[in-house]
Amino acid sequence: MEKFVDTLLDEAIYTQILPSGLKVILLHKKDNINTTAYFAVPFGALTLTQRLSDGTVIQHEPGLAHFLEHKLFENHQGMDVMERFSALSCNVNAFTSYTETVYYFNTSRPDVQEPLTLLLDFVQSLNVTAESVEKEKKIIIQELRMYHQMPEARLMYETYRALYHNLSVKYDIGGSEASVTAITKSGLETAYRMNYHPSNAAVVIVSSQDPADLMRVIESNLIAQAKTILPSWVNETSQEPLTVVHRHKHIPMDISATKMTYTFKLAPISGDPIARHRHEWALKLRLELLFSSLNPQYQQWVDAGIIHDYFGYDVEINETYAFVLFYGETENEAQFTSLIDTVLKQPIEPLSSYLYQLKRRYRSFAFRLLDDQDDYAVHTIRGLFTGVTLNDSLRVLQDMCEQDLINAAKLMENVPSAIVAVTPRKVVQ
Amino acid sequence: MNQNYITLIPTDKFKDTQFSIRFLGPNREPDITYRALLAYLMTDRSVTYPTKQAVSLKTDELFALSFDVKVGAYGNYHMLEYRFTTLSERFAQEKHLTQAIDFALACIQNPLITPETLLEAKTNLKAALQRIEDKPNQSALISAMRLGGEGEPLANFSQGRLDLIDSITLEDITVAHQRLLANDPVYIIGIGELSKEHQAYLEKVFTPKAMTLPAAYRVSTKPFKTQETTKAVKQTALVNLYATHRCNADSDYTALRVMTYLLGQLPNSLLFTEIREKRNLCYSIYSSLVHFDGVLTISTGISADQIDAVNALIEMQIERLRTADYPIELLESAKTLLISNYKGLSDDVPSWMNVVFSLWLNGKSYDLSEMIEEIAKVSAQDIATAAGRLVPLSRAIVKGED
């Protein structure tokens, strides 16, 4: 087990790779009462096509990773996993994102051997029947409906659908009612075998407990010595044209105010993840200078009624897709998009003197993240899977200069855009 | 009453230091909407920092000081809370905490109240209330409380009323702000790297004021009311509201807390097991307590054609609690999990602050071992008694199309 003391962040981190290939990271928080343990696999909603070394292509139904997350809690060696965790004084849950599935528990009990073992055990076996798969479909369809009628969630879903022709980001994380209905027991088992091998997984624990004790519990588990060979496969990504599907799309909903996004579809950036992260930071900082209250014009946009406090932007740049998204609530989308277009053309230089304070802001936010066990752990898991740690991110931030922000504008030159709005039904003709 | 109005908990456990300053006003309209607007004004600009840019520059200088002003209800009181977080001085390597407190005081004591800022606050509040109303589950919850709490504080939605906003004047808000500073009992809690100097500094600014009413009350039993509206969505939101005849000032309230866990706060609670897992009628179903009003709610999202079936199943689960018709292990796991959650409370600053504040409102202090002891004592008979007191007050349904 390797120990790393981060003097900048005042954190102690222990890491080890077990013989099975399982990556373990222990984030030691000496004063914490709770222990939170996470088991994560880099298998999320984006992974729909996987090609085996013999050329066989495995096609997963949209929403399968999320379905699998639901079913793993079922019947581990004849017991209900959730009931067992509750009896052990543990809160247990899981989530599926576009890029990973994560199972976790937290507890204040001083001895975590039993719940930790249970976590490692229940993710090592999938016990489903065709009947239980059918039953779960009804629950998941209710879950999809719940999110689908939330205006914000629906807006994001429709935005991705307007941007992407082929990439699986165009599907909801949970899939659609049709794709969930099409999921089968054997489809779940195939995906499980391919993606839940320890060599593909990570365990992250945030705890005050002795790291050596925690590591011993993990090492003594079967997961440490797993002998099965992980099938060799690669994730395949669909070819995606650099055009959008819909330039303009209105979705009527039973709501009282229009919400919209104005999104620019950027070219994805492959290669070195740190270099990619540098582009993302540069663009984020550029937008922060132009579109936040640091820009003295911001108040004029509010006074003119173009934006109010429900206004923001997001930047995402990864290997397979990239975008810059603006969102707001307005009945006048032409005015909104015109504002974005105008401000994007403004030079950054008059505002670049604030770059130093933005760096100070985000450095402080990084410290803040460490006070939240969940945020800290999830950030660590993503850092492990993407190759960009919190320290990497801080170093990139520290190195940012005005020229980086100027250059970032090129990423948005001549790229297609989409306007998507969820609108009150009465407004739609 | 409640003279110890400043609680500072010194600790170097966190990287940040957090403060919460809470003002307690009357839980009635139009004061609630005035205070909701004041929350936006205090978040925006102050006389000292008269532009959004000036606020940003100052908060960045104070190591990404984050602040938020929120309103909420605590029984007979409406609370306006100014909460801020700033980097601890040992990481900032600067002595900036007193400056951070001064910044908060500038927002609280001298928000910029002008026709322009009020108009902006009104726009923001209207939009926020519309967003809430657009969510079927939240809309159903508000309706259930309005029906079941008629004539009592529970009926007032703590975030304000859309129909009152336009008629509110600059003078209304100015007077409401003056009343808040002059009359409201205030409670302050800070957790982080703090010293006696910070306590003394705050004591000079804020003086103790007595609460004129107890915060907690028990909502009265009324004839059962239902409301059904329709919405062009697929899922139906259902909220049932019950009078518990106990509020969190009562000595036997802990049994109700455990009962609520057993009923619908665990992944193996009765509602979850019977309605989701066994019959697959919903994705989410849970029970929760409105502690200061003596009310329990049950919320779920289902298909419209299952409303009657789900209501019948809900009543069956409550009856099981009344007759102790459940595995005793379930009660034990509810108790141990509740105890575990209390033990771990001090890892989560916002939750810790809320618990300490709620206890203070009821004239109690934070005593973990006492809380654990009370939970451990709860028996199946106590659960049956608590469940036996539940009386349905209202039901709100936002009916979907499927």
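Hi everyone. Of the 429 residues in chain A, 43% are buried. Before I go on, please keep in mind that we are looking at a predicted model.

Let me stay with chain A as a whole for a moment. Chain A holds 16 helices and 15 strands. Its radius of gyration is 23 Å, close to the 22 Å that the globule rule gives for 429 residues, so chain A is as compact as a globular protein of that length. If you follow the C-alpha trace along its principal axes, the span is about 60 × 50 × 45 Å.

Now, let's turn to one sheet in chain A. What is the order of its strands? Reading across, we have E11-E15-E12-E14-E13, five strands that form an open sheet with mixed pairing. At the edges sit strand E11, residues 248-253, and strand E13, residues 312-317, each pairing on one side only. On average, neighbouring strands here are turned by 15 degrees against each other, ignoring direction. As a quick reminder, strands of a sheet pair through backbone hydrogen bonds, either parallel or antiparallel.

Let's zoom in on one pair. Strand E12 of chain A, residues 259-266, and strand E14 of chain A, residues 322-329, run in the antiparallel sense and share eight bridges. If you'd like a spot to look for on screen, find A:Tyr262, which stands opposite A:Phe326 in E14(A).

Which helices go with this sheet? One of them is helix H12 of chain A, residues 333-344, which packs on the sheet and touches E12, E14 and E15 of chain A. The direction of H12 makes about 35 degrees with that of E12(A). Another is helix H5 of chain A, residues 151-163, lying across E11, E12, E14 and strand E15 (417-424) of chain A. This helix H5 runs at about 145 degrees to E15(A).

Finally, let's bring in chain B. Here 48 residues of chain B are in contact with 52 residues of chain A. On the chain B side, helix H2 (52-61), strand E4 (77-87), helix H5 (115-133) and helix H13 (328-343) each supply at least two residues. Which element gives the largest share of that side? It is H5(B), with seven residues. By residue type, the side of chain B that touches chain A divides into 15 nonpolar, 17 polar and 16 charged.

Key: Residues are numbered from 1 along each chain as its sequence is written. Chains are lettered from A and ligands numbered from 1 in the order in which they are written. This is a predicted model: local features need pLDDT of at least 70, side-chain atom pairs count only at pLDDT 80 or more; totals for chains, interfaces and linings use all residues. Two strands pair if DSSP finds at least two bridges between them. Helices (H or I, at least four residues) and strands (E, at least two) are DSSP runs, numbered from the N terminus. Axes are lines fitted to C-alpha atoms, for helices over the stretch in contact, and angles run from 0 to 180 degrees between N-to-C directions. Two residues are in contact if their C-beta atoms, placed from the backbone, lie within 7 Å. The radius of gyration is taken over C-alpha atoms; the globule rule is 2.2 Å times the number of residues to the power 0.38. A residue is buried if 20 or more other C-beta atoms lie within 10 Å of its own, exposed if 12 or fewer, and partly exposed in between; C-beta atoms are placed from the backbone. Ala, Val, Leu, Ile, Met, Phe, Trp, Tyr, Cys and Pro count as nonpolar, Asp, Glu, Lys and Arg as charged, and the others, Gly among them, as polar.
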